[in-house]
Amino acid sequence: IVFLNNDIWFRCGKVIFKYSGNGIAVYQAPSEWGYMELANGKLYAQDFQQGLMVFENQAWRSVFSNNPLPAGDVITGLHGLEGDQLLICLLKGGVYTTDGQGLSPLPDQDIQAIRSARIYSSITLPDKKWGLATTTGGLFIIDRNGKRIQHYNRQEGLQNDNILCAFTDRNGNIWLGLDNGIDYIAYNSAI
């Protein structure tokens, strides 16, 4: 569910619904919708055949002329960078940046280790870093180049390493939804 201006957007597999207060618009998937997120003030969605799409002028259009996303991989995070650049997280494929012309993998070698842990969700943190929630490795905090800044896992006090969702609260602290409970990280604390 995404809020954009006065509209509420809902993603299902075959359709995206836009509720505008006085009605509902329905947008059929070219094949199947896999992800939807707001970044840089624009609404993006992944279609499994067309790739990354953006909603502009009351229609969905492909961001790339040729879909560079790996076949069978799912976008699990989309974050705005400078200008129209995006940070794209893939479940199995790692982390990339794009300016709409193609994908560039983040250069740091830490991303390879994180990639093997499967990125299931991601969050933007208040200090221009990102949290990558994985299914087998806990939470990784990375910088703009993909360098691992911090790693929270079972050894660091999490209940387990399988993180299904992550959220940053208004104080800049992190909440994690695990497969067996929730965890809280006082990320924005001076201690």
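This is a predicted model: local features need pLDDT of at least 70, side-chain atom pairs count only at pLDDT 80 or more; totals for chains, interfaces and linings use all residues.

Visitor: How should I read a sheet, and in what order do β1, β2, β3 and β4 stand?

Guide: Strands of a sheet pair through backbone hydrogen bonds, either parallel or antiparallel. Strands here are DSSP runs of E with at least two residues, numbered from the N terminus, and two strands pair if DSSP finds at least two bridges between them. In this model, four strands form an open sheet in the order β1-β2-β3-β4, with antiparallel pairing. The edge strands are β1 and β4 (24-28), each of which pairs on one side only. From one strand to the next, the twist averages 20°; the axes behind such angles are lines fitted to C-alpha atoms, and angles run from 0 to 180 degrees between N-to-C directions.

Visitor: How many bridges join β3 to β4?

Guide: Five bridges join these antiparallel strands, and Ile 16 stands opposite Tyr 27 in β4. The hairpin of β3 and β4 has four residues between the strands, and there Gly 21 takes a positive phi near 90°. On the pairing with β2 (residues 7-11), β3 (residues 15-19) is joined by four bridges, again antiparallel; Ile 8 has Tyr 19 in β3 as its bridge partner.

Visitor: Why is one side of β13 and of β16 left without a neighbour in the sheet?

Guide: The strands in question belong to an open, antiparallel sheet of four, in the order β13-β14-β15-β16. Because β13 and β16 (148-152) stand at the edges, each has a single partner strand, so one side of each has no neighbour in the sheet. Within this sheet, four bridges join β14 (residues 130-134) to β15, and Ala 133 has Leu 139 in β15 as its bridge partner.

Visitor: Is Phe 140 buried or exposed?

Guide: Buried means under 20% relative accessible area, exposed over 50%, and partly exposed in between, with a 1.4 Å probe and protein chains only. Phe 140 lies in β15 (residues 139-142) and is buried, because its relative accessible area is 5%. Contact means heavy atoms within 4.5 Å; not counting residues up to four places away in sequence, Phe 140 touches several residues, among them Ile 114, Trp 130, Leu 132 and Gln 150. The C-alpha atoms of Phe 140 and Gln 150, 10 residues apart along the chain, are separated by 6.0 Å.

Visitor: Where is Asn 153 found?

Guide: Asn 153 is in the loop between β16 and β17, and with a relative accessible area of 10% it is buried. Leaving aside neighbours within four places in sequence, Asn 153 is in contact with Gly 137, Gly 138, Leu 158 and Asp 161.

Visitor: Which residues are closest to the centre of the largest pocket?

Guide: On a 1 Å grid over the protein atoms alone, a pocket is an open set of points where a 1.4 Å probe fits, with protein on both sides within 12 Å along at least five of seven lines; lining residues have an atom within 4 Å of a point. About 420 Å³ of space lies in the largest pocket, a volume being the space filled by probe spheres set on the points, which are joined across faces, edges and corners. Of its 18 lining residues, the closest to the centre are Tyr 35, Glu 37, His 79, Ser 122 and Ile 123.

Technical notes:
Residues are numbered from 1 along each chain as its sequence is written. Side-chain values use heavy atoms; hydrogens and water are left out.
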